[in-house]
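Colleague: Please take me through this one slowly, starting wherever you like.

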Amino acid sequence: PVPFEMTVKEKSTIHFAFDSPTDIETVISDYVSHIQDFLTLAMRVTVPIGLYATMTGDIGGPGNIDGDGNRRIRVYYPPAVSSDVTSVLPEWHRMLFRFADIVENVGLYVQTWFARSEIIRTITPSLFAHRYFPTVYTEVEFIDYARALESYHRAISQERDTHYKDRVADVLGRVAEIDERVVSDVKSTAELTKNTRNYLTHRNPQQRDRAANGSELRLLTTRLELVLEICLLLEMGMAPDLIREIVTNQRQIGRRRAILSG
């Protein structure tokens, strides 16, 4: 047989139809970006989305005209993400979850994702920023995750005068109740997170010895990343048993193997 190469690409389309004129910024902020975040959570990489809009009236210029005289135009979104970042999709076993994992309740999960958007967005900007624009600085990634933990707790808790460490401990405790492999010692992890956050924020030499650094900081950052992902799974209504199954699958992935095997 003659060797050959074959590339197969699959594209899916979601069609939004509005009963009244809607500006493109609303479509992006309230719909497109939120779907993109959902897919980014599932695949653990940023997912490219092509956005088209149908414009009504005489807008001039080239374009595809439909039967009603409307013009279909290409909207470049997101404009700042390079093709190098979005071109490589993960192997299935490196994803957080697959469609097959959620197929029985996918409608419920997506509806809940939208319904809980205000709470979910206390996490997604800090978590996904490092997937859209990966950084070589673990310190920056850690600070973003540490901030997201606090923001998320403020959104789900009625307590206002709570110390940072207690907020972190509460979130870690909720995750530990689901799967203690992720956080086996809530108290010490919350303490280390607080100390590291304080040192990296203020750079007080007296706090340096109490903060994580080197490989310890990398593993702590990886742990917080998984904690935030589990918080998102909880917010979308996923059952604890399925979350534990997802965590088990994560043991195959790089640094996650190290934090889940301890």
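Modeller: In helix α4, residues 106–115, the buried residues are Y109, T112 and W113. Buried means under 20% relative accessible area, exposed over 50% and partly exposed in between, with a 1.4 Å probe and protein chains only; helices are DSSP runs of H or I with at least four residues, numbered from the N terminus.

Colleague: Where do the buried residues of α4 fall, seen down its axis?

Modeller: They fall within an arc of 105°, taken from the directions from the helix axis to the C-beta atoms, so they line one face of α4. Q111 and A115, on the other side of α4, are exposed.

Colleague: What covers the buried residues of α4?

Modeller: The cover includes α1 (24–43), α3 (99–102), α5 (117–120), α6 (124–132), α10 and α11 (240–249). This is a predicted model, where local features need pLDDT of at least 70 and side-chain atom pairs 80 or more, while totals for chains, interfaces and linings use all residues. Residues are numbered from 1 along each chain, and side-chain values use heavy atoms, without hydrogens or water.

Colleague: New topic: how many residues has the largest nonpolar core?

Modeller: It has 55 residues, and among those with the most contacts inside it are L41, F97 and V182; such a core joins buried Ala, Val, Leu, Ile, Met, Phe, Trp, Tyr and Cys through side-chain atoms within 4.5 Å. Helix α10 (residues 214–235) gives the largest share of this core, 10 residues.

Colleague: And which residues is V182 in contact with, leaving aside its neighbours within four places in sequence?

Modeller: V182 is in contact (heavy atoms within 4.5 Å) with V175, R223, L226, V227, I230, V247 and L260. A second, separate core of five residues includes V27, I28, V32 and I49.

Notes: Helices (H or I, at least four residues) and strands (E, at least two) are DSSP runs, numbered from the N terminus.
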